[in-house]
Amino acid sequence: MDDVESPGFGPSRSSGPSLEDGPPLERVESVFAIYEVRSEGDRLVYYGDPRMHPEQAMQELWPAFREAGYELQLTRRYGEYVLVAEPISLGIETIPWTNILLLAATIFSTLFVGALWWYPSIDPFADPATIIHAWPFSLAILSVLGIHELGHYVMSRYHEVDASLPYFLPVPTIIGTMGAVIKLKGRMPNRKALFDIGVAGPLAGLVATVVVAVIGLHLPPVTVPESLMQQSDAGGLRLGIPPLLELLAAAVDQPLYSDDPTRNINPVVIGAWVGMFVTFLNLIPVGQLDGGHILRAMTGEFHETISALVPAVLFGLAAYLYYVDGYGLQTVFIWVFWGILTMVLASAGAAHPVAEGRLGTWRFVVGVVTFGLGLLCFMPVPIELIQ
């Protein structure tokens, strides 16, 4: 590490940032008693002791460093308190090869799975090049997932919170992917930013989902193998239908099922189904999920009480479906899995904005409406394995 400057000493010979780049030293000293300042690359590092509770010190200093163009963290090194100020970086500085490669892999996986499962006239093993004909399915899936994550990304940029571009996850499931994520690198400035970033993804994704659903409902149904038919008793897989999809089908006067029992809805509608299911899962009000961010912004610390109830509700749903409705373990396991996952997420806790403040009435109303839309995407049995 290169010394930048210590209080009371002359200017540094380091080529890194200087104290003049950060907030006024007097402003920092009023909250944090400094005995040494160093530069580590492009970061400023202040060694000292907080003059108040560490969390309160962060709340006092964070706006000043933010105004100077730095993201601030308070940590400990070798038993000492350290303020680490890192320049805010919101732009794309290099070609995001990881994002590009994952996107390319996900395009391939959704094309392949789409051809294998949802376009029975295509044999991807006999002629791999024919998977390109499954592009409507792939585009539908990538659109609803990508626009969801871009909603988070755009709102992160608006609030000057550093965030990555979406990372798509190629996995050979029945839809060819496990979704997409972005990585938030900066702290949340306040509850309004936490709410806006959290709610932007589900709302943007739902807009894309509705568009995809309406388009798919107007496309001709595709003949599918009997083992995949939604109304087949011959065994296989059956997808649940969320209320929102039924409402959209009624609104555009397009049936979800053909009168011909050997036909199914168009695979593009499966993309809308994915968008709705992902929206519901993301809006589960716990931890670092979108619903957890929204709930934390709306209710403050009270969110912990609500989040603690979520796993019990999911386990209860699984038990009801198994013991009362008679569904098999393979069918209800999805809620057991999410019950365990939400326990982990609840124990990890939600995001903590630097400043609390009031959320505002209109944001609270938007939050309630968003959770309501999430309930319209709920399916007690999303995927049923028929024996």
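This is a predicted model: local features need pLDDT of at least 70, side-chain atom pairs count only at pLDDT 80 or more; totals for chains, interfaces and linings use all residues.
View A. An α-helix has 3.6 residues a turn, so residues three or four places apart point the same way. Phenylalanine 112 has a relative accessibility of 23% and counts as partly exposed.

**View B. The aromatic pair of tyrosine 46 and phenylalanine 65**. The count of aromatic pairs comes to 11. One of them joins tyrosine 46 and phenylalanine 65 edge-to-face, at 5.5 Å centre to centre and 85 degrees between the planes. This pair links distant parts of the chain, 19 residues apart: tyrosine 46 is in strand β3 (residues 43-50) and phenylalanine 65 is in helix α2 (residues 54-67). Tyrosine 46 and phenylalanine 65 are both buried.

**View C. Arginine 76 over the face of tyrosine 81**. The distance from arginine 76 to the ring centre of tyrosine 81 is 4.3 Å.

**View D. Helix α10 (residues 329-348)**. At 1.5 Å a residue, the 20 residues of helix α10 should span 28 Å, and the end C-alpha atoms are 28 Å apart, which agrees. Buried residues of α10 include Trp335, Trp338, Gly339 and Leu345. Glycine 349 follows α10 and has a positive phi, near 90 degrees.

Notes:
Residues are numbered from 1 along each chain as its sequence is written. Side-chain values use heavy atoms; hydrogens and water are left out. Rings of Phe, Tyr and Trp (its six-membered ring) pair if their centres lie within 6.5 Å; planes under 30 degrees apart count as stacked, over 60 as edge-to-face and the rest as tilted. Helices (H or I, at least four residues) and strands (E, at least two) are DSSP runs, numbered from the N terminus. Buried means under 20% relative accessible area, exposed over 50%, partly exposed in between (1.4 Å probe, protein chains only). A charge sits over a ring if NZ of Lys or CZ of Arg is within 6 Å of the ring centre and within 35 degrees of the ring normal. The expected span of a helix is 1.5 Å times one less than its number of residues.
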